[in-house]
Amino acid sequence: MSTEPRLAEVAEPEPAQQAAPGTDQAVKETLEDYTLRFAPRSYRRWTPMVVATTALGGIAYMADFSIGAGIGLAHGTGNALLAIAVAAVVIFVTGFPLAYYGARYNIDLDLITRGSGFGYFGSVLTSVIFASFTFIFFALEGSIMAQGLKLGLGLPLWLGYLVSTLMVIPLVIYGMTALSKLQVWTTPIWLLLMVGPLVYLVATDPGTVDRFLAYAGTDGDGGINTASVLLGAGVCLSLIAQIGEQIDYLRFMPPKTEANKRGWWTAVVMAGPGWVVLGALKQAIGVFLAVYIIAEVGASAAPEPIQQFKGAFDAMMPSWLVVPLAVVLVVISQIKINVTNAYSGSLAWTNSFTRVTRRYPGRMVFVLVNLGFALALMEADMFSFLNGILGFYSNCAIAWVVTVATDIGINKYVLKLSPHAPEFRRGMLYAVNPVGVVAFVAASGLSIAMYFDALGDTLQPYSPVAAAVIAFVLTPLMAVVTKGRYYLRRTDDGIAEPLLDEDGNPSAVTYECHVCRQQFERPDVAACRTHDAVVCSLCLSTDKVGDHVLPAAV
């Protein structure tokens with residue numbers, strides 16, 4: 001039985017209220033989400049490697065090939081490879097503390113953000129940014145799949161967009177259980193189809209490597225140029241928010257113990273910041289295949305993954321098999337990533353909506369909202385101006401992720417001004433914490449101004465660097481200026497039982513919520529303001545009049 005509260009019961013903060021007709025379907029929609037809340041130990045029964053495999057399955061997307069191809073075609077192979085490497089290092093370093101916190105404390109990136117400098121309502125802004133990331137990349141992957149369906153089946157693009165959108169809905173409804181099975185079973189096929197053509201081309205025609213390394217790009221002379229590297233890195237850094245989708249899986253990691261710590265750490269590093277290793281490799285492969293396609297077909301088709309792999313398959317197998325295999329690769333990749341995009345995006349939208357309105361309509365509503373935004377972008381032919389969208393978006397994503405990572409790494413562990421254990425419950429946090437909000441707004445605002453040439457052409461390529469540096473400097477500076485006063489509204493949640501057990505993992509002791517009458521584990525509840533009882537975090541979020549929310553500590 002799911003531990004999610006019945007929606008009609010949490011709509012108003014009174015335990016006597018009865019469930020409304022149709023509630024059973026809403027419960028099914030939210031099954032296994034643990035939306036807005038801590039993921040309980042009783043549910044986290046997967047091994048670290050199963051969680052890691054599921055998380056890594058979500059990065060099977062084809063967008064990396066397009067991103068790499070776009071950078072390589074514009075700036076040349078040397079600049080493209082350096083840009084990919086610079087972005088990968090930044091993504092790995094900033095992703096590590098976030099992945100650790102998500103896996104250790106079993107909460108998603110929004111819940112981490114709340115207690116890491118933004119406050120209860122302050123992180124709504126970053127939830128919207130993350131939701132935007134999911135539908136932008138859903139649209140990108142859907143566009144790539146539509147290209148494949150047009151090539152293989154002759155479907156017009158508009159119909160391909162619709163098919164690629166609708167087909168993921170059944171797979172997203174049941175959350176982690178369905179997604180883990182999908183990702184585990186499809187990953188070997190995907191790897192074989194992706195790596196096989198590359199190995200064949202390099203082995204049978206070494207000249208492809210020479211042409212790849214010598215390619216100068218349309219905007220360069222083959223030399224290394226700092227502006228070109230940074231412009232390319234800015235596009236790659238639009239993927240920095242992918243760590244949020246990795247954490248949506250990593251929050252289901254089992255408790256870390258002495259017995260499993262090696263496997264636990266391996267899984268967290270591999271499926272957390274380690275996703276970028278495979279991502280960077282795919283971007284480099286995208287450059288390689290684009291250069292190969294230019295020599296074989298022409299530049300117009302080079303950025304499209306379906307054409308890249310069609311060209312590679314053409315070299316190694318009978319012509320009748322080429323298009324079907326290329327289409328299968330694209331469809332598998334699109335499904336693997338877009339179920340994750342739809343799932344994570346629905347969580348982010350639900351999270352924001354519930355906190356602002358204090359109503360919980362069920363996640364499936366926002367699955368459809370997210371898909372609607374993605375479909376609109378596809379129909380607007382976003383693929384044709386991909387790098388412009390990603391270059392702009394990366395400034396916001398970098399500012400957010402660097403701010404949270406800095407708060408964890410510096411403010412929590414070095415300055416010790418930010419509480420060590422993450423906090424996300426309403427009543428325990430201030431509505432807005434100026435530490436993260438000021439750092440994020442300043443970093444994203446100034447970097448976006450630079451991106452749009454407000455500070456001159458010379459500084460325009462440096463906008464992603466500015467976003468990272470400003471966020472990194474301002475986050476600890478604001479913590480020192482405010483003396484850490486705005487992290488916790490109160491330090492006592494009214495329950496004597498410790499939040500963490502003897503191994504430092506979230507306690508598995510259960511309590512019954514006074515409002516919804518469901519059982520929840522210790523980190524997900526707080527004492528009730530008006531009754532000698534406890535209330536779960538979601539019921540606190542939907543308490544319209546604040547009857548159950550603890551007052552600020554004096």
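Which residues of helix H8 (residues 157–166) are buried?

**View 1. Buried residues of helix H8 in the predicted model.**
Helix H8 spans residues 157–166, and its buried residues are Gly 160, Tyr 161, Ser 164 and Thr 165. Seen down the axis of H8, these buried residues fall within an arc of 135°, so they line one face of the helix.

**View 2. Crossing of helices H11 and H15.**
Two packed helices are described by the angle between their axes and the distance between the axes. Here, the axes of helix H11 (residues 207–214) and helix H15 (residues 275–296) come within 9 Å and cross at roughly 105°. Because angles of 65 to 115 degrees count as roughly perpendicular, H11 is roughly perpendicular to H15.

**View 3. Residues in the contact of H11 with H15.**
On the side of H11, the contact is made by Thr 208, Val 209, Arg 211 and Phe 212. H15 contributes Ala 284, Val 287, Phe 288, Val 291, Tyr 292 and Ala 295. By class, the contact comprises 8 nonpolar residues, 1 polar residue and 1 charged residue.

**View 4. The chain as the setting of the close-up views.**
The secondary structure of the chain comes to 22 helices and 4 strands. The chain has 554 residues, of which 61% count as buried. Among contacts in the chain with a separation of 6 or more, 80% are accounted for by residues 24 or more positions apart. The accessible surface of the chain comes to about 19900 Å², and 67% of this surface belongs to carbon and sulfur atoms.

Notes. Residues are numbered from 1 along each chain as its sequence is written. This is a predicted model: local features need pLDDT of at least 70, side-chain atom pairs count only at pLDDT 80 or more; totals for chains, interfaces and linings use all residues. Side-chain values use heavy atoms; hydrogens and water are left out. Axes are lines fitted to C-alpha atoms, for helices over the stretch in contact, and angles run from 0 to 180 degrees between N-to-C directions. Helices (H or I, at least four residues) and strands (E, at least two) are DSSP runs, numbered from the N terminus. Angles under 35 degrees count as roughly parallel, over 145 as roughly antiparallel, 65 to 115 as roughly perpendicular and the rest as oblique. Contact means heavy atoms within 4.5 Å. Ala, Val, Leu, Ile, Met, Phe, Trp, Tyr, Cys and Pro count as nonpolar, Asp, Glu, Lys and Arg as charged, and the others, Gly among them, as polar. Buried means under 20% relative accessible area, exposed over 50%, partly exposed in between (1.4 Å probe, protein chains only). Accessible areas come from the Shrake-Rupley method with a 1.4 Å probe; for residues, only the protein chains shown count as cover. The arc is that of the directions from the helix axis to the C-beta atoms.
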